[in-house]
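Take a look at the model first, then read the points by topic.

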Amino acid sequence: MLATSKITISRKALESNYRFIRNQIGDDANISWVVKGNAYGHGIEMFAPLAVACGAEHFSVFDASEAYRVRKSLQDKEVQIMIMGMVEDQHLEWAIENNIEFYVFEPERLEAAVRAARKVGKKAKVHVEVETGMNRIGYEAHELPHVAELLLKHPDLLQFQGLCTHFAGAESIANYVRVTQQRKTYKRILNWFANQGLQPDIKHVACSAAAIRYPPTRLDMVRIGILQYGFWPSRETLIEHNSKVNRQDNPLERLISWKSQVMDTKTVKTGEYVGYGTSYMATKEMKVATIPIGYGHGFTRSLSNAGRVLIRGKRVGVIGMVNMNAITVDISQVDHVERGDEVVIIGNQGELELGVSAFGEFSQQVNYELLTRLPMDIPREIVD
Ligand SMILES: *Cc1c(COP(=O)(O)O)cnc(C)c1O
């Protein structure tokens, strides 16, 4: 089946973002490139090899199936992969066998890791995630003695690869106090482990926002997601960065473009409704075009009567409801629109650009969510 839209990923944009990020972080900390959520919608199989070509050596994913996809897409290239979320019991042995590092965050996980490592005959590389204030996952203080006991008891089965935590909103200055508290708590726990005679191989806490905003959080490794794809964790983070370096432009480049084409055009008479129901009525005679993308393709329903796309170098608005596989746009102000004309949903056309965040502002969603909602079956291609 021919797809109704296409996504392209820019190699040059990625190279440029990598240079920018490395420049910001400096040379001391390793970078783990976060490719969970299908590489934030870009497609793991496309993205991981591109990242390796840019110098990536360490990847972070959410679960074992993503780890497997990274491994597979890189064939025999040697990279480290870290699972930050879920490793189910049945995947533990595979992970250990394949040298995949993984988070442990509750007592049963670590015991299961010991059992699996014994069975495989190889050390499990564990990252101990500790609760510092996000209250999502992570060992609570009272559980730590058990963790230390297991690590001390099984040095042949457990490698204390990392001690980590995650900040609850480092992209917003409003969370400054909470993040500062989390940093203190992390430090206290690190010292506690040291007093038990336990040192993690690496210490890591920072996501994109923390790595940019709070240099002391860089430690031995930073976990960078959104920045590498060319987006800021929040508008605030960009503004703060720019004021620090005294610039106005955006140093990051969007990798992704998403394009479709005009499926059909027609004229609608005054007083008629467009699409399902009565959500849009033509108040004058108008020309409309239908585009074969809808909420089933990640073009969310909340863009009904609100979203924008580019056609023939002009910005045009969605009218009526977003359907499962189609939207209708008002092309009354655009000349000579024909079936087959290029439609840009994310990207550039002529002088104009539609970024995901512009799209996000309309739909009240952030970049993270919009990107990861792009379905896997939209074909993706790498361009320069
Ligand atoms: C997603 C995630 C990151 C990366 O976050 P960005 O804001 O995209 O850089 C880092 N650490 C953990 C634990 C995550 O889940």
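Gln-228 sits in the loop between β9 and α10 (235-245). The model is a predicted one. In this model Gln-228 counts as buried, at 0% relative accessibility.

**Gln-228 and its surroundings**

- The side chain of Gln-228 reaches the backbone oxygen of Ile-224 at 3.1 Å.
- Beyond four places in sequence, Gln-228 touches Leu-14, Asn-17, Tyr-18, Ile-21, Trp-33, Val-34, Phe-47 and Leu-255.

**The ligand site**

- The side chain of Tyr-40 places an N or O atom 2.5 Å from an oxygen atom of the ligand.
- For the side chain of Ser-208, an N or O atom also lies 2.5 Å from a ligand oxygen.
- Ile-226 takes part through its backbone: an N or O atom there is 2.8 Å from an oxygen atom of the ligand.
- On its own the ligand has 390 Å² of accessible area, and the protein covers 91% of it.

**The chain as a whole**

- The chain holds 12 helices and 18 strands.
- Its C-alpha atoms fill a box of roughly 80 × 45 × 40 Å along the principal axes.
- Of the 384 residues, 53% are buried.
- Among contacts with a separation of 6 or more, 66% join residues 24 or more positions apart.
- The accessible surface is about 18100 Å², and carbon and sulfur atoms account for 48% of it.
- The chain carries 45 positive and 45 negative charges, and their mean positions are 3 Å apart.

**Helix α4**

- Is helix α4 (residues 64-73) mostly covered or mostly exposed? It is mostly covered, with seven of its 10 residues buried.
- The buried residues of α4 are Ala-64, Glu-66, Ala-67, Arg-69, Val-70, Arg-71 and Ser-73.
- Their cover includes α2, α3 (44-53), β3 (58-63), β4 (80-86) and α5 (89-97).
- Just after α4, Gln-75 takes a positive phi of about 45°.

- Ala-13 belongs to helix α1 (residues 11-25).
- Ala-13 counts as buried because its relative accessibility is 1%, below the 20% cut-off.
- Leaving out neighbours within four places in sequence, Ala-13 is in contact with Glu-253, Arg-254 and Leu-255.
- Leu-255 is also one of the residues that Gln-228 touches.
- Ala-13 and Ile-44 are 31 residues apart along the chain, and 17 Å separates their C-alpha atoms.
- Ser-257 lies in strand β10 (residues 256-261).
- With a relative accessible area of 15%, Ser-257 is buried.
- Ser-257 is in contact with Lys-6, Ile-7, Thr-8, Ile-346 and Gly-347, leaving aside neighbours within four places in sequence.

**An exposed glycine**

- Gly-275 is in the loop between β11 (264-268) and β12 (286-291).
- Is Gly-275 buried or exposed? Gly-275 is exposed because its relative accessible area is 58%, over the 50% cut-off.
- Gly-275 and Ile-21 are 254 residues apart in sequence, and their C-alpha atoms are 45 Å apart in space.
- Ile-21 is among the residues touched by Gln-228.

- Most residues other than glycine have a negative phi.
- Asn-305 has a positive phi near 55° and is not a glycine.
- Asn-305 is found in the loop between β12 and β13 (308-311). Its relative accessible area is 34%, so Asn-305 is partly exposed.
- Arg-312, again not a glycine, has a positive phi of about 45°.
- Arg-312 is in the loop between β13 and β14 (314-319). At 42% relative accessibility, Arg-312 counts as partly exposed.

How values were computed. Residues numbered from 1 in each chain as written. Predicted model: local features only at pLDDT ≥ 70, side-chain atom pairs only at ≥ 80, totals over all residues. Heavy atoms only, no water. Helix = DSSP H or I, 4+ residues; strand = E, 2+ residues; numbered from the N terminus. Buried < 20%, exposed > 50% of the residue type's maximum accessible area, 1.4 Å probe, protein only. Contact = heavy atoms within 4.5 Å. Areas by Shrake-Rupley, 256 points an atom, 1.4 Å probe, with all protein chains shown as cover. Lys, Arg positive; Asp, Glu negative; His and termini not counted. Charge placed at Lys NZ, Arg CZ, Asp CG, Glu CD. Polar contact = N/O pair within 3.5 Å; in protein donor to acceptor, adjacent residues only side chain to side chain.
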